[in-house]
Each structure stands twice: as structure tokens, then as C-alpha cells.
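Keep the sequence at hand as you read.

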There are 2 protein chains.
Amino acid sequence: MKLALIGCGNVGKALIDLLAMKKDYLIARKISLTLCCVLDSKGGIYDDSGIDWGSLSKHLERQSLGTHKQYAAGGEEIHRIIQNMNIDTAVVATPTNKQTGEPGLTYIKALLKRGINVVTADKGPILLAYHALYQMALAHNAKLCIGCTTGGALPSVNAGLIDLAGADIYKIQGILNGTTNFILDEMEKHSISYEKALEKAQHLGIAETDPSLDVEGWDTAVKLLILTNVLMGSHKTLEDISVQGITGLTVADIIEARKKGEKFKLIGSAVKEDNAIRMRVGLEAIDNSNAFYRVDGKDKAVTYCSDTLGELTIIGGASGVIPAAASLLRDIINL
Amino acid sequence: MKLALIGCGNVGKALIDLLAMKKDYLIARKISLTLCCVLDSKGGIYDDSGIDWGSLSKHLERQSLGTHKQYAAGGEEIHRIIQNMNIDTAVVATPTNKQTGEPGLTYIKALLKRGINVVTADKGPILLAYHALYQMALAHNAKLCIGCTTGGALPSVNAGLIDLAGADIYKIQGILNGTTNFILDEMEKHSISYEKALEKAQHLGIAETDPSLDVEGWDTAVKLLILTNVLMGSHKTLEDISVQGITGLTVADIIEARKKGEKFKLIGSAVKEDNAIRMRVGLEAIDNSNAFYRVDGKDKAVTYCSDTLGELTIIGGASGVIPAAASLLRDIINL
């Protein structure tokens with residue numbers, strides 16, 4: 001399989017490292033992957049006979065892609081390459097824009113129209129245009145793989161599609177954001193304020209300098225929306241979700257809940273009843289009869305309720321760029 | 001896709017019912033399934049243009065397959081049909097024989113050699129010959145799907161293969177038998193003896209009249225063996241597993257463990273260390289920091305530890321013939 005990588009940020013680089021690291025694994029399973037193309041926003045490397053992963057991985061440890069000796073720059077270069085490259089599958093690891101889906105959306109459309117499979121980690125295009133892209137993929141006999149868009153290593157959307165294939169899912173509940181789960185866990189464990197716990201998460205590189213997308217519940221909402229539209233076949237938007245974050249939680253709330261044997265978790269849920277779907281993101285106090293009670297630290301989890309395959313809970317999903325890249329590789333291998 | 005069903009016991013019949021029930025689901029997803037053939041041990045029905053699921057399902061509600069008007073009997077009929085039928089995928093739902101793998105093993109070999117995909121619920125052939133069958137499938141460009149052999153609706157082996165594709169699994173732990181988990185749960189909840197709990201499980205149809213395969217740990221061992229050989233690439237046999245069941249557990253043991261906040265669970269585990277794999281099945285006392293602590297009743301669960309995709313726990317897996325049939329349909333759809 002001939003691969004292209006579009007977007008060479010942290011996850012893209014980690015994928016190149018991972019390909020080098022998993023060489024023996026791939027050989028043992030007779031999976032032949034050739035990386036023919038790596039693009040960033042200003043140009044890229046293209047070699048039909050295959051780019052050496054190992055040396056590219058070493059180059060990127062110290063220098064940018066743009067300084068590579070094979071790098072061809074130019075404003076229109078990336079579009080020209082997409083139109084002409086001879087590949088089977090493209091990994092689109094562009095930065096996420098939740099308003100426009102760009103630049104990933106344009107790239108994904110161009111690739112699918114050429115019948116090239118797309119594996120993407122970019123939530124933007126999936127959030128805004130999943131059904132249209134899925135139909136485009138079908139029409140051009142290509143595959144659209146989105147396993148990395150809803151919780152990285154946690155196989156949330158894939159589990160719904162594959163492990164529950166043939167069943168109707170009528171309820172989705174998830175702890176879908178590792179950063180807020182870490183902050184809540186710190187608050188619970190050490191009885192510290194939200195601000196103190198956030199500071200620790202930022203210090204450890206778990207929370208971003210501007211943590212608002214995570215702590216105000218929007219990252220959870222985006223993932224919930226993708227899961228719901230993909231797995232329940234709906235056409236919802238972010239406006240359909242009642243979203244509340246974790247910033248209002250106090251130490252007093254935590255102590256009060258603890259007396260009742262409860263903990264707070266930020267839970268996204270979608271429930272289908274009488275053909276209507278109710279969606280919300282918010283704090284819920286749960287006790288230890290709930291499977292999410294022990295989902296601590298940066299872990300994530302999702303529960304699906306279905307008609308013929310019953311209830312399925314999946315807990316895990318290591319965080320970080322290597323697991324994110326590994327979840328892209330998972331989609332590539334499953335192709 | 002043209003389908004054949006080999007074996008028309010409870011699970012086979014439930015699959016026919018399920019196909020009838022899921023007609024709209026399949027149409028909505030543009031999945032075209034035509035059932036061309038249903039065989040039992042003495043002959044069968046074969047109709048290249050497709051057998052009507054609905055009317056067959058109704059027929060089987062009251063009468064056996066052998067009384068169907070299209071039924072052709074004969075000792076060699078089933079082999080002759082397998083050699084000549086024009087189908088893409090066969091569902092093999094033959095009764096399990098853990099010593100010989102027959103009759104399923106012979107059928108699966110004959111099908112794969114003809115390039116026909118196999119979806120099977122029969123543990124016997126997989127237990128005894130997974131690697132040989134897998135190579136046979138590869139050589140003849142067919143697929144071998146075994147999602148129903150290690151816990152029915154719980155997507156245990158599929159999750160390891162698909163959701164952890166590209167990762168190396170170095171530890172497997174599971175509550176893989178619903179019957180023993182139900183018995184243990186009854187003993188815990190009501191502080192009753194093993195004998196009393198077994199009686200209740202038998203009364204509810206959860207445990208068989210001869211419960212030895214379940215309660216002595218062998219069903220768990222068989223599933224653990226399949227998971228280990230498939231996911232760790234090993235060639236182990238049942239003799240490599242230290243197996244202990246639940247029959248020795250007393251109410252006094254349970255009360256003692258409860259004082260420490262612990263419960264007993266029958267856990268199968270395989271751990272890879274320095275390229276050696278240790279496997280065991282036995283009772284373990286676990287506390288509520290363990291994700292398996294809340295796996296109650298007939299539920300099942302499995303945890304995988306992997307290098308690049310971290311730890312993954314899957315809990316669920318409704319029991320019964322409908323979920324078992326649904327897990328066959330899942331494999332068919334994923335094909």
C-alpha cells in the first residue's frame with residue numbers, strides 16, 4: 001500500500017517514528033507499506049519509490065520538514081501533488097478548525113474524489129461534513145477512516161461501527177476528554193480547587209495554556225457529536241447539544257458528593273427515544289456501581305447500549321502523540 | 001453477498017430470525033445478503049436464487065429443517081453441496097467438539113480451500129487449528145472470522161485484532177465465562193453456597209445440567225487459549241494452561257474476602273515476559289480498584305495491555321442465542 005502523509009506536526013512526526021519502530025511487526029504480518037509523500041502547509045517531499053522512514057524520522061528529530069533535501073516548496077505545490085500523486089491511502093493530520101474544517105476538508109474531498117482512501121485525525125471535517133464525505137467515499141470506492149477523531153487510542157467510533165455492526169445503538173455515554181478527567185481526578189484525590197488542579201495539568205503538559213476547549217466541555221461535545229452522527233445516523237450540530245464544563249465545580253461540591261460515595265465525571269451522552277435524540281455534556285455525580293467510577297487520570301471510556309448486542313463499555317485509550325499516531329496506524333492496517 | 005448456513009441448531013435458527021428482523025437495517029446500509037443454503041448434519045436446503053428468511057424462520061418456529069419442502073437428505077449431501085455451492089460466505093455453527101474439532105473442522109477446510117469466507121461460532125476447529133486455518137484462508141484469498149468463538153457478543157478477539165491493530169499485546173486478562181460469573185455473583189450477593197447458586201443458575205437455564213466445562217474453568221481456558229494464540233501469535237495448547245475452577249469456593253472464603261473489600265472472580269490470564277507466555281485460569285480476589293470488580297451477573301470482560309495503544313478494557317457481552325447470532329451477523333457485515 002502506497003501512503004501519503006498530509007500534515008507534519010507532532011502526530012504526523014510520531015507516525016513516521018512509529019512506522020520505523022513497527023517495521024518488524026509489519027513484515028511479520030506481510031503488511032507492505034510504502035510512504036511516498038509527506039506534505040506540510042507549504043510543500044513537501046514526494047518520492048514514488050518510497051521515502052526512507054528511518055532517515056526521515058532522524059531528520060525530523062532536529063530539523064523541520066522544509067529543510068529536507070528533497071523538499072519542494074511552492075504555494076500551490078500541495079494541491080498539485082494531491083492531484084497527481086500515485087497513492088492508495090492518505091493520512092490527513094492537519095490542524096483542526098471546528099468552524100471551517102480547513103485545510104483538511106478541501107484535502108479530504110480532493111483525495112476521496114480521486115478514489116484515495118483517507119485516514120484522518122482531523123476532527124474539523126468530520127464534525128462538519130461526515131455524511132457528505134462518507135457518501136463521497138462510497139461513490140468513488142474509497143474508504144474514510146476516522147478512528148482517531150473521537151478519543152485517539154480509545155477505539156470509540158470504530159467499536160461502535162465494527163464491534164456493534166448489525167446492532168442498533170440507542171444510547172451513547174462517554175468520558176471523552178482526558179484532560180478534564182485528569183483535572184477532576186486531581187480535585188477528588190487531593191481535595192484541591194479547580195484552579196490548582198488546572199495549574200498542575202498545565203505544568204505536566206496535559207492541559208493547554210488556553211484550556212477552554214477542554215474545560216468548558218467543547219472537546220467532549222465535538223467527540224459526542226461525531227459519535228452520534230456516525231453511529232446513530234443523525235445530522236446534528238453542536239447547537240443541538242446542551243454543554244456545561246467543569247469550571248464551576250468547587251471543593252465543597254466534591255466533599256458533599258464524597259459523603260454519598262459519589263465522584264464527579266464530565267460525561268457526554270446521547271439518548272435516542274421515540275426517534276428523537278437528546279444530547280448533553282455536563283458533570284454527573286456517579287457512585288461505584290457505575291463502570292465510569294474507576295476511569296481515572298487521563299483515561300477515557302465509552303458505553304454503548306444496543307438492541308441485539310447488549311451493553312458494551314470500553315475503557316482505556318492512552319494519551320499522547322504516540323498513541324494518537326498508533327491509532328492512525330491501526331486504521332491504516334485495518335484497511 | 002451469497003450466504004450459506006451450516007448447522008441449524010439454536011444459534012443457526014436465531015441467525016435466520018435475526019436476518020428477518022434486521023431487513024430494514026441491512027437495506028438502509030446497502031448491505032445485500034442472500035441466504036442460499038441451510039444445512040444440518042443430514043442434508044439441507046439449497047436455492048441459488050435465495051431462500052426466503054421470513055418463511056423459513058416461521059417454519060423453524062414449529063418444525064425441524066428436515067421437514068421443509070425443499071429439504072434434500074442423504075449421507076453425503078452436505079459434502080456434495082459444499083463442493084458445488086456458489087456462495088461467498090459460509091456461517092459454520094456446528095456443535096463444538098474440543099477433542100477433534102469435527103464436524104466443523106472438515107467443513108471449514110473444504111470451504112476455505114474453495115476461497116469461501118468462513119464466519120464461525122464453533123470453538124473446536126479454532127482451538128485446535130487456528131494458525132493452519134488462517135494460512136489456508138490467506139492462501140485461497142478467503143477470510144476466516146472468529147468473533148463469536150471467545151465470548152459471543154463481547155468483542156474480545158475482534159477488539160484485539162482490530163482495535164489494537166499495530167500494537168503488541170503483552171497481557172490478556174478476562175472474565176470469559178458468563179455462567180461462572182453469574183454463580184459467583186449469586187454467592188457474593190446472597191452469601192449462599194456454590195451448590196445453591198449452581199442450582200439457581202441451572203433453574204434459570206444459565207448453567208447446563210452437566211456444568212463441569214464451565215465451573216471447572218475449561219470454557220474459560222478454551223477462550224483464553226484462542227485469544228492468546230490469535231493475538232500473541234503463539235502455538236499453545238490446553239495443557240499449557242494451569243486451570244482451576246470455582247467449585248472449591250466456600251461461603252467462609254467469601255465472607256473473609258468481603259472483610260478486605262474483595263470479591264472472587266474467575267479470571268483467565270496470559271502474560272508475555274521475555275518471550276515466554278504464562279497462562280492460568282483461577283479464582284482471584286479483587287478489590288474495587290480493579291475494573292473487573294463491577295463485572296457482575298452474566299457479564300464478561302477482557303483487558304489487553306499493549307505497547308503503543310496502552311491498556312484497553314472491554315465490558316459487556318449480552319448472553320443468549322440472539323446475541324450469539326448477532327455476533328455472527330456482526331462478522332458477516334464486517335466482511
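The paragraphs below go from the pair of chains to sheets, helices and individual residues.

This is a predicted model, in which local features need pLDDT of at least 70, side-chain atom pairs count only at pLDDT 80 or more, and totals for chains, interfaces and linings use all residues. Residues are numbered from 1 along each chain as its sequence is written, chains are lettered from A and ligands numbered from 1 in the order in which they are written, and side-chain values use heavy atoms, with hydrogens and water left out.

Start with the two copies. Contact here means heavy atoms within 4.5 Å.

Now turn to the open sheet in chain B. Its seven strands have the order S4-S3-S2-S1-S5-S6-S7, with mixed pairing. Helices (H or I, at least four residues) and strands (E, at least two) are DSSP runs, numbered from the N terminus. Two strands pair if DSSP finds at least two bridges between them. Strand S4 (72-73) and strand S7 (144-145) of chain B stand at the edges, each with a single partner strand, so one side of each has no neighbour in the sheet. How do S6(B) and S7(B) run? They run parallel, and two bridges join S7(B) to strand S6 (residues 117-120) of chain B. B:Val119 has B:Cys145 in S7(B) as its bridge partner.

Helix H1 (residues 10-21) of chain B lies across strand S1 (2-6), strand S2 (34-40) and strand S5 (89-92) of chain B, at about 150° to S1(B). Axes are lines fitted to C-alpha atoms, for helices over the stretch in contact, and angles run from 0 to 180 degrees between N-to-C directions. Elsewhere, the axes of helix H7 (residues 156-163) and helix H11 (residues 218-232) of chain B come within 10 Å and cross at roughly 10°. That makes H7(B) roughly parallel to H11(B), a label for angles under 35 degrees. B:Ser156, B:Val157, B:Gly160 and B:Leu161 supply the H7(B) side, meeting B:Leu227, B:Val230 and B:Leu231 in H11(B). The residues of this contact divide into five nonpolar, two polar and no charged.

Next comes strand S12 (residues 300-306) of chain B. Is it buried or exposed? Seven of its seven residues are buried, so S12(B) is largely enclosed by the rest of the structure. Buried means under 20% relative accessible area, exposed over 50%, and partly exposed in between (1.4 Å probe, protein chains only). In a regular strand the side chains alternate between the two faces of the sheet. B:Lys300, B:Val302, B:Tyr304 and B:Ser306 point one way from S12(B), while B:Ala301, B:Thr303 and B:Cys305 point the other way.

S12(B) has antiparallel pairings. Six bridges join it to strand S8 (residues 169-175) of chain B, where B:Ile169 stands opposite B:Ser306. Six bridges also join S12(B) to strand S13 (residues 311-316) of chain B. There B:Cys305 has B:Glu311 as its bridge partner. The hairpin of S12(B) and S13(B) has four residues between the strands, and B:Gly310 takes a positive phi near 65° in it.

Two buried residues show the packing in detail. B:Ile81 sits in helix H4 (residues 77-84) of chain B and counts as buried at 7% relative accessibility. Beyond its neighbours within four places in sequence, B:Ile81 contacts B:Cys37, B:Leu39 and B:Tyr46. B:Ser269 belongs to strand S10 (residues 262-273) of chain B and is buried, with a relative accessible area of 8%. Not counting residues up to four places away in sequence, B:Ser269 touches residues including B:Ile172, B:Leu224 and B:Met279.

The peptide bond from B:Glu102 to B:Pro103 is cis, with omega near 5°. A:Asn141, a residue other than glycine, has a positive phi near 55° and counts as exposed at 71% relative accessibility.

Technical notes. Angles under 35 degrees count as roughly parallel, over 145 as roughly antiparallel, 65 to 115 as roughly perpendicular and the rest as oblique. Ala, Val, Leu, Ile, Met, Phe, Trp, Tyr, Cys and Pro count as nonpolar, Asp, Glu, Lys and Arg as charged, and the others, Gly among them, as polar.
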